[in-house]
Amino acid sequence: MKIHIPTPLRTYTGGQETVTVSGTTVNGALEQLTTTYPELKSNLFTADGKLRSFVNVYLNDDDIRYLPEKEAAPTNENDELTIIPSIAGGCCL
Amino acid sequence: MLRLDYAEYEALRAHGEETYPNECCGVLLGKSESGNGNHVSAIVRAGNTRTDSAHNRYNIAPIELVRIQREARGRGLDIVGFYHSHPDHPAQWSPTDFAEAHWLGCSYVITSVEQGKAVLTNSFQLLGTGEDDKQFHDESIEINLAATKAQAQEGNE
């Protein structure tokens with residue numbers, strides 16, 4: 001399956017926008033990704049292994065946080081994972 | 001440095017005027033030029049999901065970002081930055097802007113909109129290697145007027 005990497009994290013994938021992995025779950029796919037590109041790990045996960053709060057991961061068009069199985073959701077080779085950091089802000093208090 | 005055509009520059013400022021007194025937001029598509037900033041080829045308007053406090057907050061729904069990134073990929077472009085407006089506040093990044101900024105290397109464009117009129121547009125590039133050392137750096141904006149003139153000439157022909 002394909003994992004799409006956002007612009008800022010391509011520094012850690014040798015500039016690749018899309019990485020192909022063979023995991024059968026979201027977790028498995030992300031694990032394979034961070035095994036291949038270890039520097040990605042601290043950018044995606046906290047020290048205790050949780051996905052950072054500002055990192056969104058979509059399985060096709062679904063936010064994995066809202067899937068029944070969450071990170072354990074099964075995947076197949078035609079699925080696409082997209083990693084997308086959040087965008088927010090505002091002018092003042 | 002951030003490079004963009006005059007039409008895109010005007011479009012992102014006009015967006016801020018349209019949504020006044022609320023904040024607008026959108027995405028800059030283009031290419032990052034190694035050591036030479038970001039070159040914008042297109043801007044994409046996005047919805048502000050912070051309807052609870054849209055006058056001083058913005059948020060782009062992640063699924064909208066996923067779709068914009070997908071569209072960019074289809075056009076051979078990347079997400080190279082974002083823009084938003086500061087209604088009746090300076091075109092400077094705020095502590096909230098900084099805390100919520102995570103796209104290292106990208107340009108964050110802010111337009112101050114005073115009484116409904118776009119005034120100043122500034123750009124800040126988020127640099128660093130991660131959350132621990134990220135910093136906003138002032139970034140110059142280069143506006144390509146040649147494209148506008150060329151389009152005008154085509155229109156006159």
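This is a predicted model: local features need pLDDT of at least 70, side-chain atom pairs count only at pLDDT 80 or more; totals for chains, interfaces and linings use all residues.
In general, the strands of a sheet pair through backbone hydrogen bonds, and they do so either parallel or antiparallel.

Both strands belong to an open sheet of chain B, in which 8 strands follow one another in the order 8-7-6-5-2-3-1-9 with mixed pairing. The edges of this sheet are formed by strand 8 (135–139) and strand 9 (141–144) of chain B, each of which pairs on one side only. When direction is ignored, neighbouring strands of the sheet are turned against each other by 35° on average.

Helix 1 (residues 6–19) of chain B lies across several strands of chain B, among them strand 1 (2–5), strand 2 (25–32) and strand 5 (78–87), and runs at about 30° to strand 3 (38–46) of chain B. At 1.5 Å a residue, the 14 residues of helix 1 of chain B should span 20 Å, and this agrees with its end C-alpha atoms, which are 20 Å apart. The buried residues of helix 1 of chain B are E8(B), Y9(B), L12(B), R13(B), H15(B) and G16(B). Seen down the axis of helix 1 of chain B, these buried residues fall within an arc of 145°, and therefore they line one face of the helix. An α-helix has 3.6 residues a turn, so residues three or four places apart point the same way.

Aromatic side chains were examined next. A search of the whole structure finds 8 aromatic pairs over all chains. One of them is formed by F82(B) and Y108(B), which are tilted, at 5.6 Å centre to centre and with 45° between the planes. Because F82(B) lies in strand 5 of chain B and Y108(B) in strand 6 of chain B, the pair ties together parts that are 26 residues apart in sequence. F82(B) is buried, with a relative accessible area of 1%, and Y108(B) is also buried, with a relative accessible area of 4%.

For F98(B) and F136(B), the ring centres are 5.9 Å apart and the planes stand at 65°, so this pair is edge-to-face. It links distant parts of the chain, since F98(B) lies in helix 3 (residues 95–99) of chain B and F136(B) in strand 8 of chain B, 38 residues apart. F98(B) counts as partly exposed at 25% relative accessibility, whereas F136(B) counts as buried at 11%.

Chain A contains an open sheet of 5 strands in the order 2-1-5-3-4, and its pairing is mixed. Strand 2 (18–20) and strand 4 (62–63) of chain A stand at the edges with a single partner strand each, so one side of each is left without a neighbour in the sheet. Strand 3 (residues 55–59) of chain A is joined to strand 4 of chain A by 2 bridges, and the two run antiparallel; in strand 4 of chain A, D62(A) is the bridge partner of L59(A). Helix 1 (residues 26–36) of chain A packs on this sheet, touching strands that include strand 1 (2–4) and strand 5 (80–85) of chain A, and its direction makes about 70° with that of strand 5 of chain A. Helix 2 (residues 62–74) of chain B lies across strand 1, strand 2, strand 3 and strand 5 of chain A, and runs at about 115° to strand 5 of chain A.

Terms used: Residues are numbered from 1 along each chain as its sequence is written. Chains are lettered from A and ligands numbered from 1 in the order in which they are written. Side-chain values use heavy atoms; hydrogens and water are left out. Two strands pair if DSSP finds at least two bridges between them. Helices (H or I, at least four residues) and strands (E, at least two) are DSSP runs, numbered from the N terminus. Axes are lines fitted to C-alpha atoms, for helices over the stretch in contact, and angles run from 0 to 180 degrees between N-to-C directions. Contact means heavy atoms within 4.5 Å. The expected span of a helix is 1.5 Å times one less than its number of residues. Buried means under 20% relative accessible area, exposed over 50%, partly exposed in between (1.4 Å probe, protein chains only). The arc is that of the directions from the helix axis to the C-beta atoms. Rings of Phe, Tyr and Trp (its six-membered ring) pair if their centres lie within 6.5 Å; planes under 30 degrees apart count as stacked, over 60 as edge-to-face and the rest as tilted.
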